[in-house]
2 protein chains.
Amino acid sequence: MKKITNDEAIALLQQIMRIKTVGKDESKVADILAAKMQPLVDAGLATMERLPYAPGRDNLIIVAGPKDAPTKLGIDGHMDVVAAGDPAKWSHAPFGAEIVDGTLFGRGATDMKAGLVAAFVALYNLLVSGTTLNSELHFFATVGEEVDNYGARQLAAAGYNAGLSGLIVCEPSGPQIEPTTRGIIDYTVTATGKAAHSSTPEDGANAIAGLFAYNAAAAVQTETLTSQVDPMLGHATHSITLINGGNQVNIIPETASLRGNIRTTPLADNAAFTAALEAAVTEASGKVPGVSLTLSIDSTLPSVGSPSDNRLVQTIQKVRTAQGLAEAPVVGGTGICDAALLLTPGMDMAEYGPGNDSSHQTDESIAIADFTQAIDSYEHIFAEY
Amino acid sequence: MKKITNDEAIALLQQIMRIKTVGKDESKVADILAAKMQPLVDAGLATMERLPYAPGRDNLIIVAGPKDAPTKLGIDGHMDVVAAGDPAKWSHAPFGAEIVDGTLFGRGATDMKAGLVAAFVALYNLLVSGTTLNSELHFFATVGEEVDNYGARQLAAAGYNAGLSGLIVCEPSGPQIEPTTRGIIDYTVTATGKAAHSSTPEDGANAIAGLFAYNAAAAVQTETLTSQVDPMLGHATHSITLINGGNQVNIIPETASLRGNIRTTPLADNAAFTAALEAAVTEASGKVPGVSLTLSIDSTLPSVGSPSDNRLVQTIQKVRTAQGLAEAPVVGGTGICDAALLLTPGMDMAEYGPGNDSSHQTDESIAIADFTQAIDSYEHIFAEY
């Protein structure tokens with residue numbers, strides 16, 4: 001068996017980018033990776049398992065390396081992508097995986113089929129070449145990360161992350177290493193009042209006015225939280241991102257609702273924000289007679305991370321130095337990734353992967369050199385951790 | 001020619017209520033009224049004219065009485081109705097005009113086919129009976145009142161209200177007389193910001209936050225206006241009745257808008273409110289960096305009215321006394337009616353008509369006795385004014 005060449009890796013990435021895994025069909029990606037890995041499994045170099053989440057949506061788990069190693073490294077990448085939006089706005093077909101002047105275009109180029117495939121190829125090449133591994137390697141290709149980390153949630157619930165010493169998430173991190181990420185809360189506030197003709201608003205109770213009162217109360221209640229500055233993650237943030245209420249301009253609205261998104265930190269965590277939102281709803285409920293407000297926490301994931309000098313970060317920096325690269329800045333991650341589910345206390349963490357700032361954008365792309373560099377980096381990181 | 005009996009009047013009202021004039025087909029009502037009136041026109045007792053607004057939507061104008069009378073009384077009723085909503089929620093077919101135990105059910109029963117037909121029958125009977133009239137009578141059956149007073153707007157623009165001494169609007173007024181009504185402003189505020197991922201709200205500008213800032217500024221700017229108490233009309237009111245913004249919970253919203261409805265009085269008039277809204281938009285525009293706000297006045301109609309002891313009100317009270325009824329309370333009207341377009345300074349005004357508080361509701365209805373009483377009252381009022 002031979003190592004996968006860079007040209008073959010690029011072709012593999014293109015093949016996988018042409019599969020439209022927008023909230024479905026991750027199994028088609030898993031099929032390709034599994035078929036490639038099968039000869040190594042047959043040779044006793046790895047074990048492989050599929051964990052079905054839904055029809056056509058299998059997580060793929062590959063375990064390799066010394067069973068008796070003192071450390072275990074989790075390697076995570078998701079197979080799904082966000083929607084492409086209007087294809088007419090793209091300069092290149094969103095699922096065409098076209099290469100132009102050294103740049104590969106398409107949905108998932110940066111987020112994160114390049115990181116996924118680079119990690120897979122690195123793992124494959126390490127096993128084929130018989131390189132000595134310091135850790136047992138646990139490769140996770142997950143489903144549904146973009147919606148609510150379905151796959152990672154399932155893997156964590158089933159204990160696939162148990163006993164890992166470190167976790168590298170191959171999400172695009174630019175030229176930086178992220179040992180920690182903010183948490184998230186999505187919530188809904190629903191206001192219920194009483195309809196009336198707008199000529200006699202006193203006969204009704206204006207549900208939109210209830211939301212205005214909530215906003216004012218929430219701004220006060222969350223102020224001590226959003227003002228905290230975490231050394232790695234900066235400020236927690238709170239944004240009201242959706243609002244809807246009323247039926248006709250001449251009817252006092254009976255119902256209205258809004259949704260908010262919070263990014264939490266260890267200093268301003270999910271429990272503290274949830275308590276602040278509850279206090280705001282209680283306070284606002286008394287402000288508009290006849291309007292009642294209810295809070296629903298739709299989704300909550302904690303801020304997770306490990307110290308900025310954890311051993312995985314050190315390993316990455318050492319590999320960069322060996323490759324003649326400058327040490328990468330170590331910063332907090334602003335987004336959510338599978339680590340929110342897979343990381344447990346004491347586990348080393350690094351979000352580190354190829355890509356640029358085109359995630360979720362029209363004409364998402366990745367430089368081919370960035371991708372092939374990542375294969376090489378991952379080979380060294382996976383071997384040395 | 002004989003007077004229309006109460007039984008015939010009830011049948012005529014039922015026939016007209018069965019025509020579904022929800023923003024269309026008012027001509028079918030005009031056809032029925034015109035056919036009934038035609039013999040009197042042929043006998044030289046009245047002149048009749050149709051003023052087309054749109055295909056199938058004719059206003060009907062009937063003029064009768066002494067050309068040389070010192071006073072002219074306008075008599076107004078609209079032929080359109082609002083939508084019935086879900087027919088399944090009605091106990092009686094909304095356009096069936098069923099009578100049960102002395103109550104007539106259906107859309108338009110109260111608002112305002114009963115008032116329209118009662119005024120028409122009263123006019124017809126006065127002319128047939130050769131009763132002496134103190135004023136020339138100008139009967140207007142209008143289109144599109146429920147949307148934006150289309151017919152009255154057209155009649156006023158064409159001068160049909162020129163020279164009137166008084167105007168009786170046959171809208172349901174309960175057992176009260178309304179010599180004045182509040183004005184109205186409908187407006188839209190649109191906020192434009194910049195989209196960003198909700199993990200980095202500082203890269204965007206939250207349009208919904210712009211609307212929250214507008215609401216706070218508008219509350220302050222309009223406070224001196226909404227606190228004014230008009231002796232007849234009470235407080236002016238300001239309600240935000242529609243709001244919409246955002247696309248996804250994890251995207252900082254680029255656009256958001258709200259609509260508001262204001263009911264004005266002579267003390268807190270349309271110009272003053274418009275200035276306050278403009279000031280609020282200007283103030284709020286500076287509050288959320290990157291968000292710009294614009295105000296659009298969608299519709300504006302002034303508060304109109306005449307003194308509470310005007311001659312038309314006096315005539316109505318005199319007729320009530322003669323009929324053995326108590327004097328009716330004279331109060332300000334909260335809603336908008338065709339008078340907002342047809343009334344000019346110095347004109348006597350009274351909104352006075354049969355009906356209850358079921359306007360625009362499911363199972364709208366009118367007591368038959370209320371309707372027939374109105375025919376009799378109108379005969380006396382039209383003759384004596």
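Student: In this predicted model, how many bridges join S13(A) to strand S13 of chain B?

Tutor: The strand of chain B spans residues 237-245. S13(A) and that strand run antiparallel. The number of bridges that join them is 3.

Student: What area do chain A and chain B bury between them?

Tutor: The contact involves 34 residues of chain A and 35 residues of chain B. Of the area buried, 59% is on carbon and sulfur atoms. The total buried between the two chains is about 2700 Å².

Student: Which element gives the largest share of the side of chain A that touches chain B?

Tutor: Elements giving two or more residues to that side are helix H6 (207-221) and strands S13 (237-245), S14 (251-252) and S15 (255-264) of chain A. The largest share is 8 residues. The element that gives them is S13(A).

Student: How many residues on the side of chain A that touches chain B are polar?

Tutor: That side has 11 nonpolar residues and 4 charged ones. The polar residues there number 19.

Student: How many salt bridges does the rule find across the interface?

Tutor: A salt bridge here needs a side-chain nitrogen of Lys or Arg within 4 Å of a carboxyl oxygen of Asp or Glu. Between chain A and chain B, 12 residue pairs are in polar contact. For salt bridges, the count across this interface is 0.

Notes. Residues are numbered from 1 along each chain as its sequence is written. Chains are lettered from A and ligands numbered from 1 in the order in which they are written. This is a predicted model: local features need pLDDT of at least 70, side-chain atom pairs count only at pLDDT 80 or more; totals for chains, interfaces and linings use all residues. Side-chain values use heavy atoms; hydrogens and water are left out. Contact means heavy atoms within 4.5 Å. Buried area is the accessible area (1.4 Å probe) that two parts lose on being put together, summed over both. A polar contact is a pair of N or O atoms within 3.5 Å; within protein, one must be able to donate a hydrogen and the other to accept it, and residues adjacent in sequence count only if both atoms are side-chain atoms. Helices (H or I, at least four residues) and strands (E, at least two) are DSSP runs, numbered from the N terminus. Ala, Val, Leu, Ile, Met, Phe, Trp, Tyr, Cys and Pro count as nonpolar, Asp, Glu, Lys and Arg as charged, and the others, Gly among them, as polar. Two strands pair if DSSP finds at least two bridges between them.
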